Amino acid sequence: METQLEKVLSDIVTQQDTVGALLANRQGLCLGAKGDINPNVSGIGMAISDQVAALEPKSAVSTQPEARHPTICLYSGNRRCVIQRNGEITGIIYKQHTAAPASD
């Protein structure tokens, strides 16, 4: 399983503008991290995912735990943090906006 997690993380961080990614379990413990991301944010990401899902208490997420949680995007300056929970695993991805080169 560890090899699969490493492969998934490697695939994620090679995506355009991605600077770091981590995967956390249901308890918020970091299963793996790659790139420029602090593994200690795993619990915070899990808590944010749970709180956002609770904003719509009558949604399928609250009655069916296996249902997809909402995707959360947090913006700060030129960085973006994307949080997505799917089943028992929560993914947290940091993206850095890179400006296009100026043309003369």
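**Exercise 1.** Decide from its relative accessible area whether Cys 73 is buried, exposed or partly exposed.

*Solution.* Start with the cut-offs: buried means under 20% relative accessible area, exposed over 50%, and partly exposed in between (1.4 Å probe, protein chains only). Cys 73 has a value of 37%, so Cys 73 counts as partly exposed. Now try Cys 81: its 12% makes Cys 81 buried.

A word on the model: it is predicted, so local features need pLDDT of at least 70 and side-chain atom pairs pLDDT 80 or more, while totals for chains, interfaces and linings use all residues. Residues are numbered from 1 along each chain as its sequence is written, and side-chain values use heavy atoms, leaving out hydrogens and water.

**Exercise 2.** Trace how strands β3, β4 and β5 pair.

*Solution.* Strands are DSSP runs (E, at least two residues), numbered from the N terminus; two strands pair if DSSP finds at least two bridges between them. First, β3 (residues 72-76) and β4 (residues 79-86) pair antiparallel over five bridges, with Cys 73 opposite Val 82. Two residues separate them in a hairpin, where Gly 77 has a positive phi of about 60 degrees. Next, eight bridges join β4 to antiparallel β5 (residues 89-96); Gln 84 partners Gly 91.

Note on methods. Helix = DSSP H or I, 4+ residues; strand = E, 2+ residues; numbered from the N terminus.
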